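Biologist: I would like to learn how to read a model like this one. Could we go through it feature by feature?

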Amino acid sequence: MLCWLILNLQSRKSLATITLRTFDDDLQNNNSAVDMTKIGCTQTKTLSVGKLVHAHINETGFVPNIYLWNTLVNLYAKCGNPIDARRVFDQMPTRDVFSWTVMISIYARHGIPLEAVKLFYQMEPCGIQPNQFTFASVLPACAKLGDLKQGTRIHHDVIKCGFESDVIVANALLNMYAKCGFIEKARNVFDKMPKRDEVSWNAMIAGYAQNGLVHEARKLFDKMQEPGVVSWTAIIAGYTQIGDGVEAIKLFREMKLAGVKPDSKTFASVLPACANSAALEQGREIHYEIIQRGFQSDLFVANALVDMYAKCGSTETACDVFNKMPTRDAVSWNAMIAGYAQNGRVDDALKLFCKMPQRHKISWNTMIAGYVQNGRLDEALKLFQEIPDADVVSWTTMISGYTKNGRSADALKMFTQMQQSGIKPNLKTFASVLPACANLGALEVGTEIHEEIMRKRFQCDVVVNNALIDMYAKCGSIEKAQSLFNQMHQPNIVSWTTIIAGYAMHGYGKKALELFEQMQHSGMNPDEVTFVCVLAACCHAGLVEEGRYYFHHMCQYYHITPTMEHYGCMVDLLGRAGCLDEAQDFINRMPIKPDATVWGCLLSACRIHNNVDLAERMAEHLFELDPENSAPYVVLSNIYAAAGRSDDILRVRKNMKHYTVKKMPGCSWIEVNKELHAFVVGDMLQSQAHQIYMDLQQLSWPVKAATYVPNATFMLHDVDEWKYQTLCHQGKTGLIESLLNAS
């Protein structure tokens, strides 16, 4: 009778009153009423009532049996109160396997996995042998910790206790290995299972998908006779994760045709696929279905909707979904802030950021990233300096922003400050700072960063390895770049493309093409970026016939549509080789309108081959596209100078003044004692400037006395020759400083 009352009464006050009155009557007779009370409290999760009964037990001095102790622990466990559960657990005079298992389970389920594992290892010294439910509780804790060592050790205990064939334990083992990244071992457990349930299949499919092995997941999925919603959701999420949104959306449609109804997790998995594929219309259709099925108030689904609309450029709709959300978490606010920033509405993002009820560190980082994405680095830095406690993501965002926006020196300074502040760089930090070293040619700094990567054992990460190869190649150490490439176990498309680009940059065209052939023989298909590097290699090495072949091969064999970069490489290749008419005809046959890069390549070729007439026509195209860009004016002036046409030079300069075109001074960087120094033309601000120019002049006299005459073909007619040869060359001043500071 008491159990029925507890399960059916709605009022907690009434429940407590009836419980305590009946408790006193039954306490002296037997334990059953007390036990049923506890079960009732557990089932209804009325923690306050359970605590009243627990306190009453303590007040009366009643000594519970082990069943009642376990019920108390289970009460607190089911109500999500691990602290009180542990307090009861520690008070127990004796414990059985159920006591230990419940306590381990609550730690594993409530984000305290380390305590769960520690408690598991305390069982055996206390004379308690784990059962299948104990193993099924502790293995998820190992999975959350990513602790493969402990998971493997517990697997041995499973075998010793004879539970390896138990489907619940096997599923937990499978899931643990998959989440620890040991997918081969997970598959081994799956294959050895004498009996598999739907959880087994779902865990294996999800394991493959989470580890990026979506094709393996698909093979397993296709073997299932009637996959349920969990299986469909896992495979959809897998394709979304690898960026194949088209296939994810296709599977979502097939799922519905198979009669399987999507749940909230399915919608939360397919919406990012729409976002990554910019599939706005499909996203709208799914949104309509979400409303029909009543999932629009689900927090995860609503967050995915905001993110989808924002990434598809429909900021107003994203804002509308955000405003209608009944509850919001930090993810909701961050998604909307990021959405504004991604669509260039940084000021709106800032307004929303200021309205946040509580600013989490992720929110600060999202706002900083918004400024960075829109090139507003000074504002990003100001916000960065206001963060209460900047973390590795904050620092990495700033470093990446400086690198991507051409401020590589600032990126290296920020990296140094980060280390001085005690923040340890992660993989993304290294992948962001290494391109800065590459851009500046800072080999010494880059080598030092490489050593730190080795100490942290990050060298096996493919992204970091690719960044190292790029850095060494751009800093002139192509041998080191090749050595790193050779050490890679599984180079990806970026790895191959980077090393090919390195050889192309150094003028080793034939070596670059050899690597390209090796890449194809290895089974790796090139993409459009790889072909840009291949064509650039042909261009720098003057391999005209090879360039024509690979351009045709790209289009006909790989069915890659040429981009502006491919056309630019071909025009540059033909122009350098003196095939100016063919290059012009190539431009005229382009299916897309040429941009400044394409016209600029042919203009540069005219400079090499002294074709003034064609140069004038190319320059006119460039003036129309970007009249404020100084490059075509300077190149045309140089061509006129070589032809001795001073009047035309004056006309070009007059046009530059008319359009207020200013030529940016040349800048060279040099690395001295792990510090970077910048030099511009006529720079007198360096601390050693006076000594540098004196030494440069002294070195120049013997050079001139040795009858060396620099090629001044393209020197502007009114520039002092001696000044041109010596005092204004920033590269020379940088060289002198390096000699002055050489140890």
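This is a predicted model: local features need pLDDT of at least 70, side-chain atom pairs count only at pLDDT 80 or more; totals for chains, interfaces and linings use all residues.

Biologist: Where does Gly 313 lie?

Modeller: Gly 313 sits in the loop that runs between helix 19 (299-311) and helix 20 (315-324). Its C-alpha atom is 9.2 Å from that of Tyr 340, a residue 27 positions away along the chain.

Biologist: Now the overall picture. How many helices and strands are in the protein?

Modeller: The protein has 43 helices and two strands. It has 743 residues, and 47% of them are buried. Take the contacts with a separation of 6 or more: 59% of these join residues 24 or more positions apart.

Biologist: How should I read helix packing?

Modeller: Two packed helices are described by the angle between their axes and the distance between the axes. Here, take helix 11 (residues 167-179) and helix 13 (residues 198-210): their axes come within 9 Å and cross at roughly 5°. The crossing angle makes helix 11 roughly parallel to helix 13.

Biologist: Which residues make the contact?

Modeller: Helix 11 contributes Val 167, Asn 171, Leu 174, Ala 178 and Lys 179. From helix 13 come Val 199, Ser 200, Ala 203, Met 204, Gly 207 and Gln 210.

Biologist: Next, charges. How many salt bridges does the structure hold?

Modeller: It holds 28 salt bridges. Arg 218 and Asp 222 form a salt bridge at 3.4 Å, N to O. Both belong to helix 14 (residues 214-223), four residues apart, about one turn of the helix.

Biologist: Are the two partners buried or exposed?

Modeller: Arg 218 is buried, at 18% relative accessible area. Asp 222 is exposed, at 51% relative accessibility.

Biologist: What about Arg 345 and Asp 348?

Modeller: They form a salt bridge, with the closest N and O atoms 2.8 Å apart. Arg 345 is partly exposed at 26%, and Asp 348 is partly exposed at 24%.

Biologist: Which parts does the salt bridge between Glu 616 and Arg 645 tie together?

Modeller: First the geometry: their side chains meet at 3.3 Å, N to O. Glu 616 lies in helix 38 (residues 612-625), while Arg 645 is in the loop between helix 39 (630-642) and helix 40 (646-658), so the pair ties together parts 29 residues apart in sequence. Glu 616 is partly exposed at 24% relative accessibility. Arg 645 is partly exposed too, with a relative accessible area of 30%.

Biologist: Which residues are linked with this pair in a network?

Modeller: A network of salt bridges links Glu 616, Arg 645, Asp 648 and Arg 651.

Biologist: What joins the side chains of Glu 452 and Gln 419?

Modeller: A polar contact of 2.6 Å. Beyond its neighbours within four places in sequence, Glu 452 is in contact with Phe 415, Gln 419, Pro 425 and Phe 430.

Definitions and conventions
Residues are numbered from 1 along each chain as its sequence is written. Side-chain values use heavy atoms; hydrogens and water are left out. A polar contact is a pair of N or O atoms within 3.5 Å; within protein, one must be able to donate a hydrogen and the other to accept it, and residues adjacent in sequence count only if both atoms are side-chain atoms. Contact means heavy atoms within 4.5 Å. Axes are lines fitted to C-alpha atoms, for helices over the stretch in contact, and angles run from 0 to 180 degrees between N-to-C directions. Angles under 35 degrees count as roughly parallel, over 145 as roughly antiparallel, 65 to 115 as roughly perpendicular and the rest as oblique. A salt bridge is a side-chain nitrogen of Lys or Arg within 4 Å of a carboxyl oxygen of Asp or Glu. Buried means under 20% relative accessible area, exposed over 50%, partly exposed in between (1.4 Å probe, protein chains only).
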